[in-house]
Protein chains: 2
Amino acid sequence: MRGKTVSSPWQKAPERKQQRALKREAVLAAAARIFSEVGYHRASLDEVARVLNVTKPTLYYYFKNKEALLFACIEHGLEMLGGSVEGPHTAAESGLQRLMSYLRRYARLIETDFGRCAVRISDKELSEPSSKKIRRIKADIDRELRQMVVDGMADGSIASANPQITAFALAGALNSLGHWRHREDQTVTDKIIDEYISLLVDGLAPRDHAKAKPDRHTR
Amino acid sequence: MRGKTVSSPWQKAPERKQQRALKREAVLAAAARIFSEVGYHRASLDEVARVLNVTKPTLYYYFKNKEALLFACIEHGLEMLGGSVEGPHTAAESGLQRLMSYLRRYARLIETDFGRCAVRISDKELSEPSSKKIRRIKADIDRELRQMVVDGMADGSIASANPQITAFALAGALNSLGHWRHREDQTVTDKIIDEYISLLVDGLAPRDHAKAKPDRHTR
DNA sequence: GGCATTTTTTACTTTCGAGTAACATAGTTT
DNA sequence: AAACTATGTTACTCGAAAGTAAAAAATGCC
């Protein structure tokens with residue numbers, strides 16, 4: 001029924017290690033898989049436990065409750081993204097180039113279970129304090145994105161009437177990748193991402209390629 | 001707690017009309033409002049009933065069950081969109097122009113409760129037969145969109161490496177509008193939509209405006 | 001007014017899944 | 001080996017919300 005199983009440190013046989021942290025991560029991964037597949041409310045902890053060859057109360061040994069599990073999934077997903085901002089940030093790169101590589105990382109993230117959790121599950125599912133933390137992280141990401149747009153406008157590599165809206169639109173467009181029914185084939189996925197980003201960069205309207213170099217926007 | 005109330009043919013006083021169809025629509029509208037606000041699972045029929053000054057079993061008089069209610073909301077939302085395809089379809093319009101006005105209608109639709117239901121709620125919430133019908137309608141819309149892209153490529157008004165992916169990306173980008181926290185101010189909303197579509201049409205990279213007329217892509 | 005039909009309510013059953021208490025077992029320490 | 005700690009399980013409670021049965025009220029018709 002389930003796809004390829006999330007690897008589990010619990011063997012049915014009794015060769016279990018006592019590595020709490022690893023097991024906690026395994027619980028998180030299994031939850032992320034299921035949350036991202038069927039959404040928060042349809043996901044049952046019994047099912048998460050079943051995937052791990054464990055019973056439900058075990059999950060409560062590692063996480064306070066279902067919401068804490070969701071929070072950790074979303075937070076983890078968003079932090080993967082935030083962490084990716086750093087990187088060789090040579091001054092030679094134009095704002096557009098930096099933005100493009102950021103978008104590419106963003107898109108790849110969304111192909112993961114944690115990424116899809118972060119993107120597809122509304123923070124309304126969470127209690128107010130948790131939701132606030134998540135919104136805070138998302139606001140940071142939005143700010144980063146907006147800053148890149150502004151930088152690109154400054155150096156002439158990006159045209160935008162409104163960085164606020166542009167940043168939102170970019171994030172929104174990429175988020176929809178979380179709904180794409182992807183094949184296992186990684187090549188196809190990467191191709192989709194590239195096409196996607198090309199569309200955002202070049203737009204629908206044809207460009208005049210006569211005066212531009214053929215590889216206008218290489219990575 | 002709730003925003004402006006969906007208008008209801010039930011008055012608390014006994015001046016009720018016996019127009020079953022009207023009441024059914026009112027039930028649908030109230031459900032759409034709540035589904036689009038809090039999602040399917042968090043929405044309770046008691047709450048829907050409360051909004052209408054009615055009790056829960058009344059809803060069952062108009063709809064078989066909760067799922068039928070959701071199905072009707074989504075179907076209605078999508079049909080509003082499908083219906084908008086027709087229109088003065090002069091041969092003079094370029095593929096891009098037709099696509100743009102379609103996108104604009106699409107975007108406006110998403111500002112409605114039904115539209116947000118159709119766009120934000122996964123069809124996985126539905127039973128297999130219902131889900132199948134919805135996917136069918138969505139596939140039709142996707143086909144229309146793709147056809148416009150192909151037409152635009154043929155007449156030179158659109159550049160795209162892959163109409164399939166382009167159509168998906170366009171729909172995805174617009175769908176994210178369903179998550180924009182909008183003000184009541186209609187002007188702002190329209191402005192956002194215009195910016196949004198401009199981004200998709202013109203792209204992030206600056207264009208050479210030297211040879212183009214200032215209003216390259218008027219509606 | 002009396003009778004049938006439609007519409008709505010009150011009061012209930014049912015189901016599902018989150019969360020818990022209390023016990024069980026394995027490994028570790030002394 | 002006894003006692004302690006970490007990890008899991010069995011078997012339960014509990015609440016929320018879907019869904020239903022049957023009575024009740026409104027409406028229309030003669």
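Reply: Happy to; below, each value is set against its definition.
This is a predicted model, in which local features need pLDDT of at least 70 and side-chain atom pairs count only at pLDDT 80 or more, while totals for chains, interfaces and linings use all residues. Residues are numbered from 1 along each chain as its sequence is written, and chains are lettered from A and ligands numbered from 1 in the order in which they are written.

Me: What makes up the secondary structure of chain A?
Reply: Chain A has nine helices and zero strands, where helices (H or I, at least four residues) and strands (E, at least two) are DSSP runs numbered from the N terminus. Along the sequence the pattern reads α-α-α-α-α-α-α-α-α.

Me: Why does Ile74(B) count as buried?
Reply: A residue is buried if 20 or more other C-beta atoms, placed from the backbone, lie within 10 Å of its own, exposed if 12 or fewer, and partly exposed in between. Ile74(B) has 30 C-beta neighbours inside 10 Å, so it counts as buried. Ile74(B) sits in helix 4 (residues 66-83) of chain B. Leaving out residues up to four places away in sequence, Ile74(B) touches Cys117(B), Ala118(B), Ile121(B) and Ile134(B), a contact being two C-beta atoms, placed from the backbone, within 7 Å. In chain A, buried residues make up 37% of the 219 residues.

Me: How do you know that the span of helix 9 of chain B agrees with its number of residues?
Reply: The expected span is 1.5 Å times one less than the number of residues. For the 17 residues of helix 9 (residues 186-202) of chain B that gives 24 Å, and the end C-alpha atoms are 24 Å apart, so the two agree. Gly203(B), with a positive phi near 80°, follows this helix.

Me: What do the buried residues of helix 9 of chain B pack against?
Reply: Their partners are helix 8 (163-175) of chain A, together with helix 5 (95-110) and helix 8 (163-175) of chain B. Among the buried residues are Ile192(B), Tyr196(B) and Leu200(B).

Me: Which element gives the most to the side of chain B that touches chain A?
Reply: Across the interface, 37 residues of chain B are in contact with 37 residues of chain A. Helix 9 of chain B gives the most to its side, with eight residues. That side divides into 18 nonpolar, 13 polar and six charged residues; Ala, Val, Leu, Ile, Met, Phe, Trp, Tyr, Cys and Pro count as nonpolar, Asp, Glu, Lys and Arg as charged, and the others, Gly among them, as polar.

Me: Why are helix 8 of chain A and helix 8 of chain B called oblique to each other?
Reply: They pack at about 125°, with axes 7 Å apart. Axes are lines fitted to C-alpha atoms, for helices over the stretch in contact, and angles run from 0 to 180 degrees between N-to-C directions. Under 35 degrees is roughly parallel, over 145 roughly antiparallel, 65 to 115 roughly perpendicular and the rest oblique. The two helices are therefore oblique. The contact is made by Ala169(A), Gly172(A) and Ala173(A) with Ala169(B), Gly172(B) and Ala173(B), which divide into four nonpolar, two polar and no charged.

Me: What makes helix 5 of chain A oblique to helix 9 of chain A?
Reply: Helix 5 (residues 95-110) and helix 9 (residues 186-202) of chain A pack at about 140°, with axes 10 Å apart. That angle makes helix 5 of chain A oblique to helix 9 of chain A. The residues of this contact divide into seven nonpolar, no polar and two charged.
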